[in-house]
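This report describes one protein chain, section by section. Please keep the sequence and the model in view while reading.

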Amino acid sequence: MFSIFTTDPYILLVVVQQGVVPCSPVKPLHAFSIDALEFFRVARNCNPHFSIQSFVKTLCDLQGVCIESN
């Protein structure tokens, strides 16, 4: 949960200052922590075949969230 006040002029700025990067610029319902993005960067440097889809599936498994597959 984010701490956003009515006096904050920009929601995205407040969210990023709290250590997360939102998935949407208009209504940020979901976000990735900066630590998670750093982990993806390091993993991708170690193995260039590591895809964003694999990373998201790994995060969902760790959080116990089911994702739909096409």
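## Helix α3 and residue F55

F55 is found in helix α3. The model is a predicted one, and in it F55 has a relative accessible area of 2%. This residue is therefore classed as buried, because the limit for that class is under 20%.

Helix α3 covers residues 52-63, twelve residues in total. From its first C-alpha to its last it reaches 16 Å, close to the 16 Å expected at 1.5 Å a residue. Just after α3 comes G64, which takes a positive phi of about 75°.

## Distances from F55

A43 and F55 are twelve residues apart along the chain, and their C-alpha atoms are separated by 9.1 Å. F55 and L13 are 42 residues apart along the chain, with 25 Å between their C-alpha atoms.

A43 is found in helix α2. Its relative accessibility is 18%, so A43 counts as buried.

Helix α2 also holds R41 and E38, which lie three residues apart, about one turn of the helix. What do the side chains of R41 and E38 form where they meet? They form a salt bridge, with a distance of 2.7 Å from N to O. Side chains of opposite charge can pair when their charged atoms come close. The count of salt bridges in this model comes to one.

How accessible are the two partners of this pair? R41 has a relative accessible area of 43%, so R41 is partly exposed. E38, with a relative accessible area of 38%, is likewise partly exposed.

## Helix α1 and residue V14

V14 has its place in helix α1. With a relative accessible area of 9%, V14 is buried. V14 and S3 are eleven residues apart in sequence, and the distance between them in space is 8.0 Å, C-alpha to C-alpha.

## The largest pocket

The largest pocket has a volume of about 270 Å³. Two elements give two or more residues each to its lining, namely β2 (31-33) and α3. Which element provides the largest share of the lining? That element is α3, with four residues.

The residues that line the largest pocket are C23, H30, A31, F32, S33, A36, V56, L59, C60, Q63 and V65. When these are sorted by class, eight are nonpolar and three are polar, while no charged residues are present in the lining.

## Confidence in the model

Since the model is predicted, its confidence values deserve attention. The mean pLDDT of the protein chain is 82, and 90% of the residues reach 70 or more.

Which elements of the protein chain have the lowest and the highest mean pLDDT? Helix α1 (residues 11-17) has the lowest, at 79. Helix α2 (residues 34-46) has the highest, at 89.

Definitions and conventions. Residues are numbered from 1 along each chain as its sequence is written. This is a predicted model: local features need pLDDT of at least 70, side-chain atom pairs count only at pLDDT 80 or more; totals for chains, interfaces and linings use all residues. Side-chain values use heavy atoms; hydrogens and water are left out. The expected span of a helix is 1.5 Å times one less than its number of residues. On a 1 Å grid over the protein atoms alone, a cavity is a set of points where a 1.4 Å probe fits but cannot get out, and a pocket is an open set with protein on both sides within 12 Å along at least five of seven lines; lining residues have an atom within 4 Å of a point. Grid points are joined across faces, edges and corners, and a volume is the space filled by probe spheres set on the points. Ala, Val, Leu, Ile, Met, Phe, Trp, Tyr, Cys and Pro count as nonpolar, Asp, Glu, Lys and Arg as charged, and the others, Gly among them, as polar. pLDDT is the predictor's confidence in each residue, from 0 to 100. Buried means under 20% relative accessible area, exposed over 50%, partly exposed in between (1.4 Å probe, protein chains only). A salt bridge is a side-chain nitrogen of Lys or Arg within 4 Å of a carboxyl oxygen of Asp or Glu.
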